[in-house]
Amino acid sequence: MGITIPISANNFHYQSRNKADYMNSFTPEAIRQHLSKLQDPELGFSYSDKRVLRELTIDESQLNIRLVYPYLTEVKMQQRQETILKHIQVIWPDVRCKIEFKQHTNRHKVQNSVKPKFGVKNIIAVASGKGGVGKSTVALNLALGLQALGARVAILDADIYGPSLPRMLGQVGIKAEADGKNFVPVEGLGLQSMSMGYLVDEQTPMIWRGPMVSSALQQLLNDTAWQSCDYMILDLPPGTGDIQLTMAQKIPLSGAVVVTTPQDIALADVYKAYKMFEKLKIPVLGVIENMSYHTCSECGHEEHIFGSGGGDKLVKDFGLDLLAQIPLSKSLREKEDLGEPVVTPSALTEDGQRFVTCAEKVAIKLACEEMELQAPIQKIKVSA
């Protein structure tokens with residue numbers, strides 16, 4: 001994604017400087033230094049930072065800037081292009097400037113004792129301290145939100161006892177096939193997916209003890225032939241017991257998102273989930289408050305059925321970001337039962353827009369975390 005904006009030299013007034021001094025100041029290093037004073041409003045670092053700046057060159061009278069960014073909407077990319085251009089015009093108002101953005105996500109650091117998953121840049125756990133908060137709904141729509149932004153996304157349903165992903169993806173009755181020793185991920189709504197629901201019938205109860213469940217989940221991750229992807233969303237089972245702890249210790253996680261409802265009884269368990277990730281040094285990217293309120297379809301009145309302020313309390317207590325407040329939605333429930341998406345790039349519903357905005361925030365938060373040192377880092381090209 002790029003934009004070239006010519007600025008007419010006839011409109012430029014040199015004031016007290018002569019043209020030679022002006023052109024002598026037009027160097028890649030001077031431009032880079034100028035960009036270092038301009039901070040991205042969400043990433044928190046400047047446009048000259050090596051995490052985003054990939055190329056800065058001058059070709060005759062044209063300035064070329066190429067930046068690599070996490071996944072954002074085209075509108076936000078356009079806003080950044082215009083901001084950078086205006087900043088450069090303050091000093092060099094008559095230059096031709098081409099600003100190109102490439103959407104990309106880096107591989108980020110995981111737990112010290114765990115190796116990154118080959119082909120999967122980042123695994124993000126979606127967790128809650130208790131069941132019934134809509135964690136699977138949030139996990140799926142977060143994955144769809146990232147996909148709508150242009151990312152390659154996979155999702156792993158780690159809830160062995162109650163796998164709901166096949167139904168939400170419209171893949172009920174589909175069985176996972178094997179390619180040699182590995183499962184082939186099932187594609188649904190454009191996502192790569194794997195779930196115990198693809199291996200057993202929907203009505204079959206999984207009467208397994210904790211160690212068996214933990215082993216099965218690791219197999220679903222490691223024995224599936226995942227195609228390369230930017231993000232894998234891991235829908236963890238509810239709770240903070242042995243299964244969740246084992247998964248958090250054995251699966252390479254770049255970050256986690258915590259889901260809660262506003263009520264106090266949910267918050268008490270969410271605190272435990274946050275503390276679990278904190279002890280394992282897994283960054284919590286933020287909180288999603290689900291079932292925040294209900295809007296009456298007749299009069300439009302908003303009612304906080306499960307109370308209010310729960311997500312805000314987590315933000316205050318732990319310094320986390322409130323990524324989204326998702327209301328109770330009849331249309332969201334109906335579409336999930338039918339295996340239809342609420343997040344589609346071509347026609348975003350109000351519910352879909354909330355999840356795309358949430359996905360942007362998750363991508364930005366992860367981009368600010370420490371990068372994996374073994375991941376290849378492109379060198380910045382600065383030349384005239």
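Rings of Phe, Tyr and Trp (its six-membered ring) pair if their centres lie within 6.5 Å; planes under 30 degrees apart count as stacked, over 60 as edge-to-face and the rest as tilted. Ring pairs of this kind link Tyr271, Tyr274 and Phe318 into a cluster.

The model is predicted, so local features need pLDDT of at least 70 and side-chain atom pairs count only at pLDDT 80 or more, while totals for chains, interfaces and linings use all residues. Residues are numbered from 1 along each chain as its sequence is written, and side-chain values use heavy atoms, with hydrogens and water left out.

## Overall make-up

The protein has 11 helices and 16 strands; helices (H or I, at least four residues) and strands (E, at least two) are DSSP runs, numbered from the N terminus. Of its 384 residues, 49% are buried. Buried stands for under 20% relative accessible area, exposed for over 50%, and partly exposed for values in between (1.4 Å probe, protein chains only). Among contacts (heavy atoms within 4.5 Å) between residues at least 6 apart in sequence, 75% join residues at least 24 apart.

There are zero disulfides in the structure, a disulfide being a pair of cysteine sulfur atoms within 2.5 Å. Cys97 counts as buried because its relative accessibility is 1%. Cys368, at 33% relative accessibility, counts as partly exposed.

## The aromatic cluster

A pair of aromatic rings is described by the distance of the centres and the angle of the planes. The count for this protein comes to four aromatic pairs. Two of them involve Phe318 and are set out below.

| Pair | Centre distance | Plane angle | Class |
|---|---|---|---|
| Tyr271 and Phe318 | 5.3 Å | 75° | edge-to-face |
| Tyr274 and Phe318 | 4.1 Å | 25° | stacked |

Tyr271 lies in helix H8 (residues 264-279) and Phe318 in helix H9 (residues 310-318), so their pair ties together parts that are 47 residues apart in sequence. Tyr274 is also in helix H8, so its pair with Phe318 in helix H9 ties together parts 44 residues apart in sequence. Tyr271 is partly exposed because its relative accessibility is 21%. Phe318 is partly exposed too, with a relative accessible area of 21%. Tyr274, at 10% relative accessibility, is buried.

## Nonpolar cores

In soluble globular proteins, nonpolar side chains tend to be buried together. A nonpolar core is here a set of buried Ala, Val, Leu, Ile, Met, Phe, Trp, Tyr and Cys residues joined through side-chain atoms within 4.5 Å. The largest such core has 80 residues, and Ile233, Leu234 and Phe277 have the most contacts inside it. With neighbours within four places in sequence left aside, Phe277 is in contact with Ala125, Ala127, Leu236, Leu253, Ala256, Ile282 and Val284. Another core lies apart from the largest one and has 27 residues, including Leu35, Leu38, Leu43 and Ile58.

## Strand E13 and its partners

Two strands pair if DSSP finds at least two bridges between them. E13 pairs in the parallel sense with strand E12 (residues 255-260) over five bridges, and Thr260 stands opposite Glu289 in E13. Strand E15 (residues 322-328) also runs parallel to E13, joined to it by five bridges; here Asn290 stands opposite Ile326 in E15.

The pairing of E13 with strand E14 (residues 302-303) is antiparallel, over two bridges. Thr295 has Glu302 in E14 as its bridge partner. Six residues lie between the strands of this hairpin, in which Gly300 takes a positive phi near 85°.

## Backbone and loop details

Most residues other than glycine have a negative phi, and most peptide bonds are trans. Lys281, although not a glycine, has a positive phi of about 60°. Lys281 sits in the loop between H8 and E13 and is exposed, with a relative accessible area of 70%. Met291 also has a positive phi, near 55°. Met291 belongs to strand E13 and is buried, at 17% relative accessible area.

Asp49 is found in the loop between helix H2 (28-35) and strand E2 (53-59). With a relative accessible area of 17%, Asp49 is buried. The side chain of Asp49 reaches the backbone nitrogen of Arg51 at 2.8 Å. A polar contact is a pair of N or O atoms within 3.5 Å; within protein, one must be able to donate a hydrogen and the other to accept it, and residues adjacent in sequence count only if both atoms are side-chain atoms.
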